Amino acid sequence: MYGRVPLFYFLLHFSLIHLLTIPFAFLRYGRIAFMFNPLPSVGGSADLYPPGFGYSLPVVYAVWISVVVMLYPLCLWFARLKERRSDWWLSYL
């Protein structure tokens with residue numbers, strides 16, 4: 001299913017994962033202001049981030065699987081839309 005709508009899926013999952021960082025950071029750390037700074041792994045200051053920043057691999061996998069499952073109905077809908085219609089812009093998504 002995801003192979004029929006690759007750019008659509010990419011744009012949705014990228015946006016959803018980045019939007020999910022806000023409530024996840026707030027629930028875990030009680031604040032989100034640090035989320036708008038560059039990560040330490042890309043040259044940002046580690047002092048701006050709370051100790052123990054990040055999640056364990058099982059949590060990352062659980063979020064990943066949840067995102068894939070949540071986006072399946074949208075991708076299915078869009079794939080069916082692409083089958084029914086022949087608008088030029090649909091072929092790009």
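Author: A residue is called buried under 20% relative accessible area, exposed over 50% and partly exposed in between, with a 1.4 Å probe and protein chains only. The model is predicted, so that local features need pLDDT of at least 70 and side-chain atom pairs count only at pLDDT 80 or more, while totals for chains, interfaces and linings use all residues. Residues are numbered from 1 along each chain as its sequence is written, and side-chain values use heavy atoms, with hydrogens and water left out.

Rings of Phe, Tyr and Trp (its six-membered ring) pair if their centres lie within 6.5 Å, and planes under 30 degrees apart count as stacked, over 60 as edge-to-face and the rest as tilted. By this rule there are seven aromatic pairs. In one of them, the ring centres of Tyr61 and Trp64 are 6.1 Å apart and the planes stand at 55 degrees, so this pair is tilted. Tyr61 and Trp64 are separated by about one helical turn because they are three residues apart in helix H2, residues 57-84; helices here are DSSP runs of H or I with at least four residues, numbered from the N terminus. Tyr61 has 47% relative accessibility and therefore counts as partly exposed.

Elsewhere, ring pairs join Phe8, Trp77 and Phe78 into a cluster. Arg28 lies over the face of Tyr55, at 4.7 Å from the ring centre, where a charge sits over a ring if NZ of Lys or CZ of Arg is within 6 Å of the ring centre and within 35 degrees of the ring normal. As for the protein as a whole, buried residues make up 18% of its 93 residues.

Technical notes. Helices (H or I, at least four residues) and strands (E, at least two) are DSSP runs, numbered from the N terminus.
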